[in-house]
Amino acid sequence: YDLWKYTILPHFDDAISKLPFGLTTAYSDALRFSLQFCNPSIFHPLTDFIVEKIRKSLWQRTLNPGGEEKPGTGNGSSQGTEGFNAQSKWLYLFSSLLVE
C-alpha cells in the first residue's frame, strides 16, 4: 500500500499527462502485465486514484451564484479535445485494472 501511495502515485499523474495519446495502449498493456499476478487489494490505491482522475476529468458546467451557466465557459473545442484525451488515457488505464 505504501509503495503506491508514497512512491508511484505522486509521479503517475505527471507521467500520464506527458504520455502521447498514441502510446496509451502500450502503457495500459504494461500496467496490466505488471498487475496480472497481484492480489487486487495491493493495487486498490491505484484504482481509487484512477477513478478520481476520471471523475475530475468529466465535463462540468460552471455556474454563477444564481445557478445560471456562466457565458463563455462551455466546452470549447480545444478544452474539449484536451479533456477528452486526458479522460481517454485514464479510461484505458482503468480498463486494464478491470481486466485484472
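Accessible areas here come from the Shrake-Rupley method with a 1.4 Å probe, and for residues only the protein chains shown count as cover. By that method the protein chain has an accessible surface of about 6900 Å², 58% of it belonging to carbon and sulfur atoms. The model is predicted: local features need pLDDT of at least 70, side-chain atom pairs count only at pLDDT 80 or more, and totals for chains, interfaces and linings use all residues. Residues are numbered from 1 along each chain as its sequence is written, and side-chain values use heavy atoms, with hydrogens and water left out.

**Chain overview**

- The protein chain holds four helices and zero strands, where helices (H or I, at least four residues) and strands (E, at least two) are DSSP runs numbered from the N terminus.
- Along the sequence the pattern is α-α-α-α.
- Of the 100 residues in the protein chain, 23% are buried; buried means under 20% relative accessible area, exposed over 50% and partly exposed in between (1.4 Å probe, protein chains only).
- Among contacts (heavy atoms within 4.5 Å) between residues at least 6 apart in sequence, 78% join residues at least 24 apart.

**Nonpolar core**

- A nonpolar core is a set of buried Ala, Val, Leu, Ile, Met, Phe, Trp, Tyr and Cys residues joined through side-chain atoms within 4.5 Å.
- The largest such core has 16 residues, and F12, L35, L46, I50, W90, L93 and L97 touch the most other members.
- Two or more residues of this core come from each of α1 (2–18), α2 (24–35), α3 (44–57) and α4 (77–99).
- In soluble globular proteins, nonpolar side chains tend to be buried together.

**Helix α3 and L46**

- Helix α3 has 14 residues and spans 20 Å from its first C-alpha to its last, close to the 20 Å expected at 1.5 Å a residue; the expected span is 1.5 Å times one less than the number of residues.
- The buried residues of α3 include P45, L46, F49, I50 and I54.
- Beyond its neighbours within four places in sequence, L46 contacts W4, L9, F12, L31, L35 and L97.

**L9 in α1**

- L9 is found in helix α1 and is buried, at a relative accessible area of 10%.
- L9 and L46 are 37 residues apart in sequence, and their C-alpha atoms are 7.2 Å apart in space.
- Not counting residues up to four places away in sequence, L9 touches W4, P45, L46 and F49.

**S96 in α4**

- S96 lies in helix α4 and counts as buried at 2% relative accessibility.
- With residues up to four places away in sequence left out, S96 touches S28, D29, L31 and R32.
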